[in-house]
Amino acid sequence: ELAWLERWSIPLAELTPSIMEKAIGVATTRQDGHPMAATTTRRRRNLIKSALDAAVRRDEVDINPMTKMEWRMPKRSVEIDISVVPSVADIMDVYNHIAGLNSPGRRYAAFFATIGLSGMRPSEVAGLKVADLTLPDDGWGLARVRGAMTAPGTRYSGNNSVTQSKGLKHRAASDIREVPLAPSLVAILRRHLNCYPPSALIFTNNVGAHITPHNYGKAWSRARSHLWPTPHPLSGARAYDLRHSAATTMLSAGVNPAEVARRLGHSIDMLMRVYASVFADERERANQLMDTSSYFLCEVPGTLRS
């Protein structure tokens, strides 16, 4: 492999901005000739830039040739299309369908309901422990989100494990985010714990280990195909889209955006950019509010002087 790399690689000192533009173009183009998704393009470009920055720090090259490229990162839209976000009724359809299965996959019914009714990320729900939940007999409960359980695979976890525990996204390692749990979700989680008594984690796979997207992905794909076959608008919905369901439901109900952002673990700026379309219906209501404001109740002169 090293001999192959030496044969086909260009020495660092010979890299030029034009060569890097071609390299970035190839690295961010699919085999069918179409450009990759903006997020993938951004990730690959940043990886290459980081490698060349490291070469500069180690005095392998004097300057990173990417700093003089004319190539520009493609614009990335983070706004979601609320027309293809599952509703609360859709979430309950998923829950009831999976919970009614006569197969091991039914253990993931409450997992999907927790994402859709609380707004936590799938990886955060996967990392929840019994000690993190308060599930009263009546009323609202509470989840204390301490981190996330990701599944990078044995090559990247650092401990030869499929899964890896991480802290909260964009937060200090010791931070905790409290997420209220609706009474309906509390009932679902209590029922889940009665059926699948945990040792520590709320959700595990069939052998009692940490769950991964590979585990619950199969249950999700089958339920989606059964409930929303093509060409249904939700036929391509992802499990992560259930998080968007919680966010859009809270915002549409008039919950303060700052509180929604706190529950989701977002900044308010990111919340407004991702869910901008939710506020489209607010335009008319805002106009009506300003119509009744004394500030706008002013007389317009009949003639304007030149």
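Is glutamate 259 buried, partly exposed or exposed, and what is its relative accessible area? Glutamate 259 is partly exposed, at 26% relative accessible area. Here, buried means under 20% relative accessible area, exposed means over 50%, and partly exposed lies in between (1.4 Å probe, protein chains only).

This is a predicted model, in which local features need pLDDT of at least 70 and side-chain atom pairs count only at pLDDT 80 or more, while totals for chains, interfaces and linings use all residues. Residues are numbered from 1 along each chain as its sequence is written, and side-chain values use heavy atoms, with hydrogens and water left out.

**View 1. The whole chain.** The chain has twelve helices and five strands. Helices (H or I, at least four residues) and strands (E, at least two) are DSSP runs, numbered from the N terminus. Of its 306 residues, 36% count as buried. A contact means heavy atoms within 4.5 Å. Take the contacts between residues at least 6 apart in sequence: 61% of them join residues at least 24 apart.

View 2. Glutamate 259 pairs with arginine 262 in a salt bridge, and their closest N and O atoms are 3.0 Å apart. A salt bridge is a side-chain nitrogen of Lys or Arg within 4 Å of a carboxyl oxygen of Asp or Glu. Both residues lie in α10 (residues 257–264). They are three residues apart, about one turn of the helix. Arginine 262 is partly exposed, at 34% relative accessibility.

View 3. Aspartate 269 and arginine 273 join their side chains in a salt bridge (3.4 Å, N to O). Both sit in α11 (residues 268–274), four residues apart, about one turn of the helix. Arginine 273 counts as partly exposed, with 41% relative accessibility. Elsewhere, salt bridges that share partners link Arg121, Glu124 and Arg177 into one network.

View 4. The structure holds ten salt bridges. One of them joins the side chains of aspartate 132 and arginine 146 (2.7 Å, N to O). This pair links distant parts of the chain, 14 residues apart. Aspartate 132 is in the loop between α6 (122–126) and β1 (133–134). Arginine 146 is in the loop between β2 (141–145) and β3 (148–150). Aspartate 132 is buried, at 5% relative accessible area, whereas arginine 146 is partly exposed, at 41%.

**View 5. Asparagine 205 in its loop.** Asparagine 205 lies between α7 (183–195) and α8 (213–227), in a loop. Asparagine 205 is buried, with 11% relative accessible area. Its side chain reaches the backbone nitrogen of valine 207 at 3.0 Å. Leaving out residues up to four places away in sequence, asparagine 205 touches Arg107, Tyr108, His210, Ile211 and Asn215.

**View 6. Helices α4 and α8 packed together.** Two packed helices are described by the angle between their axes and the distance between the axes. For α4 (residues 88–99) and α8, the angle is about 110° and the axes are 10 Å apart. Axes are lines fitted to C-alpha atoms, for helices over the stretch in contact, and angles run from 0 to 180 degrees between N-to-C directions. The two helices are therefore roughly perpendicular, a term for angles of 65 to 115 degrees. On the α4 side, the contact is made by Asp93, Val94, His97 and Ile98. On the α8 side, Ala219, Trp220, Ala223, His226 and Leu227 take part.

Technical notes. Polar contact = N/O pair within 3.5 Å; in protein donor to acceptor, adjacent residues only side chain to side chain. Parallel < 35°, antiparallel > 145°, perpendicular 65-115°, else oblique.
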